[in-house]
Amino acid sequence: MIDANLIKSALPQCKSPDTWAAALNPAMEQFQINNPGRIACFLAQTGHESGQFNRLTEGLFYKTAARLVAVWPKRFPTEAVAAPYVANEEKLANYIYANRIGNGPESSGDGYRFRGRGLIQITGRSNYADVGKALGVDLLAQPELLIEPKWAALSAAYFWFGHGLNALADDQTDDNDVEDFTAITKKINGGTAGLQDRLALYRTIKPLVK
């Protein structure tokens with residue numbers, strides 16, 4: 001389906017194209033990401049989400065309180081409230097993800113333990129449990145498996161399939177490809193952050209996929 005040369009061309013910053021080709025092919029086959037439109041959309045979206053397959057763990061290191069206020073204004077209404085979480089990923093994750101997405105309270109450590117990992121970042125105890133059950137691996141006991149290429153690829157393909165993204169990625173003559181791609185972005189991101197970069201990757205990748 002895809003090979004290292006395609007990944008090198010499409011995602012030139014990828015440090016391990018051979019590794020990712022080997023991991024992605026079986027994952028895409030298992031979850032029916034199996035035609036040019038689906039493959040191009042999937043690689044563009046996962047490539048953007050992961051910094052071209054180089055970043056598999058959510059970045060929660062913030063250097064300033066002002067940035068925390070800007071990113072999470074409801075959590076941090078003032079810089080004084082945000083100050084204890086500056087440059088402290090574990091404390092921040094445990095706070096912002098406490099008592100949601102299946103996590104326990106801040107003191108449980110679940111927020112940091114089940115922070116975003118993978119090509120499409122799986123986040124929260126309940127999502128780790130769901131993905132692990134579907135893939136036949138205990139991600140609650142070993143959440144760090146999601147930073148291994150095999151499981152990062154499988155978890156992303158499972159998310160893609162489960163959220164109906166194959167249908168949106170299919171190239172139909174009577175629909176608007178940009179609208180569909182934007183809908184895919186919203187399913188993954190919750191909004192449209194990075195949409196132009198995602199589209200640029202898609203337009204680069206699509207001609208390469210046969």
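Me: Where is threonine 185 found?
Reply: Threonine 185 is found in helix 11. Helices here are DSSP runs of H or I with at least four residues, numbered from the N terminus. Bear in mind that this is a predicted model, where local features need pLDDT of at least 70, side-chain atom pairs count only at pLDDT 80 or more, and totals for chains, interfaces and linings use all residues. Residues are numbered from 1 along each chain as its sequence is written, and side-chain values use heavy atoms, leaving out hydrogens and water.

Me: Ok, is threonine 185 buried or exposed?
Reply: Threonine 185 counts as buried because its relative accessibility is 0%. Buried means under 20% relative accessible area, exposed means over 50%, and partly exposed is in between (1.4 Å probe, protein chains only).

Me: And what does threonine 185 touch?
Reply: Not counting residues up to four places away in sequence, threonine 185 touches Gln45, Gly190, Gly191, Thr192, Ala193, Leu195 and Arg198. Contact means heavy atoms within 4.5 Å.

Me: Which residues of helix 3 meet helix 11?
Reply: Cys41, Ala44, Gln45 and Glu49 from helix 3 meet Phe181, Ile184, Thr185, Ile188 and Asn189 from helix 11. By class, that contact has five nonpolar, three polar and one charged residues. Nonpolar covers Ala, Val, Leu, Ile, Met, Phe, Trp, Tyr, Cys and Pro, charged covers Asp, Glu, Lys and Arg, and the others, Gly among them, count as polar.

Me: At what angle do helix 3 and helix 11 pack?
Reply: About 40 degrees, with the axes of helix 3 and helix 11 being 11 Å apart. So helix 3 is oblique to helix 11. Axes are lines fitted to C-alpha atoms, for helices over the stretch in contact, and angles run from 0 to 180 degrees between N-to-C directions. Under 35 degrees is roughly parallel, over 145 roughly antiparallel, 65 to 115 roughly perpendicular, and the rest oblique.

Me: Which residues of helix 3 meet helix 12?
Reply: Among them are Gly37, Ala40, Leu43 and His48 in helix 3, which meet residues of helix 12 including Asp197, Leu201 and Tyr202. Helix 3 and helix 12 pack at an angle of about 140 degrees, with their axes 8 Å apart.

Me: New topic: which residues touch the most other members in the largest nonpolar core?
Reply: That core has 52 residues, and Trp20, Leu24, Phe42, Leu43, Leu119 and Trp160 touch the most other members. A nonpolar core is a set of buried Ala, Val, Leu, Ile, Met, Phe, Trp, Tyr and Cys residues joined through side-chain atoms within 4.5 Å.

Me: Which helices supply at least two residues of this core?
Reply: Several helices do, including helix 1 (4-10), helix 8 (125-135) and helix 10 (165-169). The largest share, eight residues, comes from helix 9.

Me: What is leucine 24 in contact with?
Reply: Leaving aside neighbours within four places in sequence, leucine 24 is in contact with Ile2, Ile7, Phe42, Leu43, Phe53, Leu119 and Ala153.
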